[in-house]
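Work through the exercises below with the model open. Try each task before reading its solution.

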Amino acid sequence: MHPRTSGQGLLPRYGGGWMHQFGHVYALQQELLDPSANNWFRAVELWHTARQEGVAMNVSHFNSILRQCVQPGAWAQSLLVLKQMKRESLRPDVVGVGCALAACVEGKHYDAVEEIFATFHKTMLLDSVCHLALIRARQESGDAKGAIEAGRQQQREQVPFLPYTYTHLLVACNTEDDAAYAMELVRRMHGEQWVPSQSAVLAIQELGHRHEELVPISRPLLSKGSNSDRALRLLGTSNHAPPPK
């Protein structure tokens, strides 16, 4: 027979007592760590529930919340999560920092990107996602020169570039009319066999209009992708250069 009072004895009834509490905590943690979850509001709700229930949160739990804040650009919640981790003496890892930076970029809260990057850059090796967030924040906020400097800093630290890193840097080069760095980026993209995005192609074409030396260097890169013929034709005719072989 089950104990008369839920929660008493070695085998309490289902739905009460320590077994029920354990099951509730386990379910809460599993939902917090669900890699397919993509609802930042629900993630924050679970976080507050966990705090009320006295559930211990670790870096993985907080990373899951930060990840779900990226797509909707929930930058304010990301900052709150980082503050709470600091209160609990939990040091974010590079994944969590990258998610917080990305959420701030998506939410167009560019000042926070600068602050977060500067804070954690002192204490850990930031990855490609973190550097991309800084470059994108500067480029989108109108600081093209700062974006280029961030790209050079990433190169000095030997952190690999992502495809979109090249896109934002080439757009910044076009804004700053920096053909020299653009040529360096084009060579690297071709060497790493990345296919340029439409924005990158447009930036290269516009720079090629003003700097003929960029045209022959860009042709191997622009020959990739679905719109390669059109890109090469525009690049060639704009400079009265012979068509590519």
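A contact means heavy atoms within 4.5 Å. This is a predicted model, where local features need pLDDT of at least 70, side-chain atom pairs count only at pLDDT 80 or more, and totals for chains, interfaces and linings use all residues. Residues are numbered from 1 along each chain as its sequence is written, and side-chain values use heavy atoms, with hydrogens and water left out.

**Exercise 1. The fold in outline**

Task: Count the helices and strands in the chain, then state what share of its residues is buried.

Solution: 
- Start with the elements. Helices (H or I, at least four residues) and strands (E, at least two) are DSSP runs, numbered from the N terminus.
- The chain has 13 helices and 0 strands. Its pattern along the sequence is α-α-α-α-α-α-α-α-α-α-α-α-α.
- Next, burial. Buried means under 20% relative accessible area, exposed over 50%, and partly exposed in between, with a 1.4 Å probe and protein chains only.
- The chain has 245 residues, and 43% of them count as buried.
- Last, contact range. Take the contacts between residues at least 6 apart in sequence: 62% of them join residues at least 24 apart.

**Exercise 2. The largest pocket**

Task: Find which helices each supply at least two residues of the lining of the largest pocket, and sort the lining by class.

Solution: 
- On a 1 Å grid over the protein atoms alone, a pocket is an open set of points with protein on both sides within 12 Å along at least five of seven lines, while a cavity is a set where a 1.4 Å probe fits but cannot get out; lining residues have an atom within 4 Å of a point.
- Volume comes next. Grid points are joined across faces, edges and corners, and a volume is the space filled by probe spheres set on the points. The largest pocket comes to about 330 Å³.
- List the lining: L79, L82, K83, M85, K86, L90, P92, A112, E115, I116, T119 and F120.
- Assign helices. α4 (75-87) and α6 (110-121) each give at least two of the lining residues.
- Sort by class. Ala, Val, Leu, Ile, Met, Phe, Trp, Tyr, Cys and Pro count as nonpolar, Asp, Glu, Lys and Arg as charged, and the others, Gly among them, as polar. The lining then has 8 nonpolar, 1 polar and 3 charged residues.

**Exercise 3. Aromatic pairs**

Task: How many aromatic pairs does the structure hold, and why is the pair of W40 and F41 classed as it is?

Solution: 
- Set the rule. Rings of Phe, Tyr and Trp (its six-membered ring) pair if their centres lie within 6.5 Å; planes under 30 degrees apart count as stacked, over 60 as edge-to-face and the rest as tilted.
- The structure holds 3 aromatic pairs.
- In one of them, the ring centres of W40 and F41 are 6.0 Å apart and the planes meet at 80°, so this pair is edge-to-face.
- W40 is partly exposed, at 29% relative accessibility. F41 is exposed, at 56%.
- F161 and Y166 also pair edge-to-face, with 5.1 Å between centres and 70° between planes. Both F161 and Y166 are buried.

**Exercise 4. Around helix α10**

Task: Which residues do Y181 and L185 touch, and which charged ends sit over the rings of Y181 and F161?

Solution: 
- Check burial. Y181 is buried at 0% relative accessibility. L185 is also buried, at 0%.
- Leave out residues up to four places away in sequence. Y181 then touches I148, G151, R152, Q155, F161, L169 and C173. L185 touches F161, Y166, L169, L170 and C173.
- Compare sequence and space. Y181 and G151 are 30 residues apart in sequence, yet 9.9 Å apart C-alpha to C-alpha.
- Now the charges. A charge sits over a ring if NZ of Lys or CZ of Arg is within 6 Å of the ring centre and within 35 degrees of the ring normal.
- The charged end of R152 sits over the ring of Y181, 4.1 Å from its centre. That of R188 sits over the ring of F161, 4.3 Å from its centre.

**Exercise 5. Loop residues**

Task: Where do K108 and Q193 lie, and are they buried or exposed?

Solution: 
- K108 is in the loop between α5 (94-106) and α6. K108 is exposed, at 57% relative accessibility.
- Phi of K108 is positive, near 60°, in a residue other than glycine.
- Q193 is in the loop between α10 (179-191) and α11 (198-210). Q193 is exposed, at 65%. Its phi is also near 60°.
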